[in-house]
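These are my notebook entries on one structure, written down in the order in which I looked things up. The model itself comes first, and my notes follow.

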Amino acid sequence: MKKRSKFLSRKLRETIFITRALLSSEHPVLAHVIPMRRCNLACGYCNEYDKVSQPVPLEVMKRRLDKLAELGTSIITISGGEPLMHPELDDIIRHIRSHGIIAGLISNGYYFSPERIERLNEAGLEYLQISIDNVQPDEVSKKSLRNLDKKLQHLSEYAEFHININSVLGGGIRTPEDALTIAQRAVELGFSTTVGVIHDHDGTLKPLTEKEKQIFHAVKKLGNKDHARLNWFQDSIAEGKPYEWRCRAGARYLYICEDGLVHWCSQQRGYPGIPLEKYSMEDFKREYFTEKWCASTCTLQCVHQVGILDNWRDPQVSPGEMQAEQDKKNSKGSVGEMLGAD
Ligand code: SF4
Ligand code: SF4
């Protein structure tokens, strides 16, 4: 009963946030924040963790969350590293919820005991995503169904928040059928499921093999229907073809690293690299209207989904054109005015 009422309240808030995002393009829809860069695992392909960094202090995190609230952010997802290694994660979640913002979490799943799940329920967590790479652990990844199955059973029994299990295909993964086994287990446990298509090790975009394509379509059929509808870009990526869309990273989507800097996303750190506390609507508009050179081969599902809200409006300009606009702006008007933005 409690789970059902939380589900209905979450759906209602989501509908309100989507309507708000369609009516106005002047606030962030989704921000990823990193309170903990350290990770308990060391996946061979990952460039998002270290083994030494300390947790970002709670007071610092709170100031960052306040600033995101001031910008009008609808959803904040806590990512890492492994966020469950942060000793004050529950307080971070509570602080997000105190602003009326939807609170999500991305984790590798290793720390989910019944007691830990109850604490996350109590803190007000609303979404959890776990990515599982394979059925049996290997030298590249230990995010494996065999290692995590017990934790998934705990989640199925105790969690009051929504859980999505993501599996992956492409990138030379040796046993693509694992993605289907993982998705089937997720559905059996009452979770939604998505599949990510990843690049080859050298970053090139190669079409999936026939076998991988069959698995891709089977997993999509099993999966979260809302996500499947929103992830059209994956059909092009699966065929090894570029996909044309408008990435709104730096504006509608924000990635805030452990140092509190705003980046386009986890894969384009350094752009624009401005401290969040100084991030202004002028920065927001500049990034909203700037075309991203990496867009046509991008596989980041959440940024694509945010992009859909504005794909039908506000064409972008190249970084070079934007620079020229900015140079002009220094003598008169704002970037938004120059581009004829509302
Ligand atoms: S668990 Fe996640 S953050 Fe940690 S090394 Fe693996 S992919 Fe990276
Ligand atoms: S297109 Fe993809 S990789 Fe490039 S900035 Fe946007 S989200 Fe990041």
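I looked up which residues of α6 are buried, and found D178, A179, I182, A183 and A186; I call a residue buried if 20 or more other C-beta atoms lie within 10 Å of its own, exposed if 12 or fewer, and partly exposed in between, with C-beta atoms placed from the backbone. Seen down the axis of α6, these buried residues fall within an arc of 135 degrees, so they line one face of the helix, the arc being that of the directions from the helix axis to the C-beta atoms. This is a predicted model, in which local features need pLDDT of at least 70 and side-chain atom pairs count only at pLDDT 80 or more, while totals for chains, interfaces and linings use all residues. Residues are numbered from 1 along each chain as its sequence is written, and chains are lettered from A and ligands numbered from 1 in the order in which they are written.

As a background note, an α-helix has 3.6 residues a turn, so residues three or four places apart point the same way. Helices (H or I, at least four residues) and strands (E, at least two) are DSSP runs, numbered from the N terminus. I then checked the length of α6 (residues 177-188): at 1.5 Å a residue its 12 residues should span 16 Å, and the end C-alpha atoms are 17 Å apart, which agrees; the expected span is 1.5 Å times one less than the number of residues. Among the elements that cover the buried residues of α6 are α5 (145-158), β5 (162-170), β6 (192-198) and α7 (210-222). After α6 comes G190, whose phi is positive, near 90 degrees.

A nonpolar core is taken as a set of buried Ala, Val, Leu, Ile, Met, Phe, Trp, Tyr and Cys residues joined through C-beta atoms within 7 Å. I found that the largest one has 68 residues, and that I76, L169, A179, Y253, I256 and V303 have the most contacts inside it. A second, separate core has five residues, including A251, Y288, F289 and M322. For L169, leaving aside its neighbours within four places in sequence, I listed contacts (C-beta atoms, placed from the backbone, within 7 Å) with P176, A179, V195, V197, L208, E212, I215 and F216.

Most residues other than glycine have a negative phi, and most peptide bonds are trans. I recorded a cis peptide bond between G80 and G81, with omega about 10 degrees, and G81 lies in the loop between β2 (75-78) and α3 (89-98). The bond from Y271 to P272 is also cis, with omega near -10 degrees, and P272 is found in strand β9 (residues 272-275). D314 is a residue other than glycine with a positive phi, near 55 degrees, and its place is the loop between α11 (301-308) and α12 (319-329). With 16 C-beta neighbours inside 10 Å, D314 counts as partly exposed.

S79 lies in the loop between β2 and α3 and counts as buried because 20 C-beta neighbours lie inside 10 Å. Lastly I checked α1 (residues 2-23), whose 22 residues should span 32 Å at 1.5 Å a residue, and its end C-alpha atoms are 32 Å apart, which agrees. α1 is hardly covered, with a count of one buried residue among its 22.

Methods: Two residues are in contact if their C-beta atoms, placed from the backbone, lie within 7 Å.
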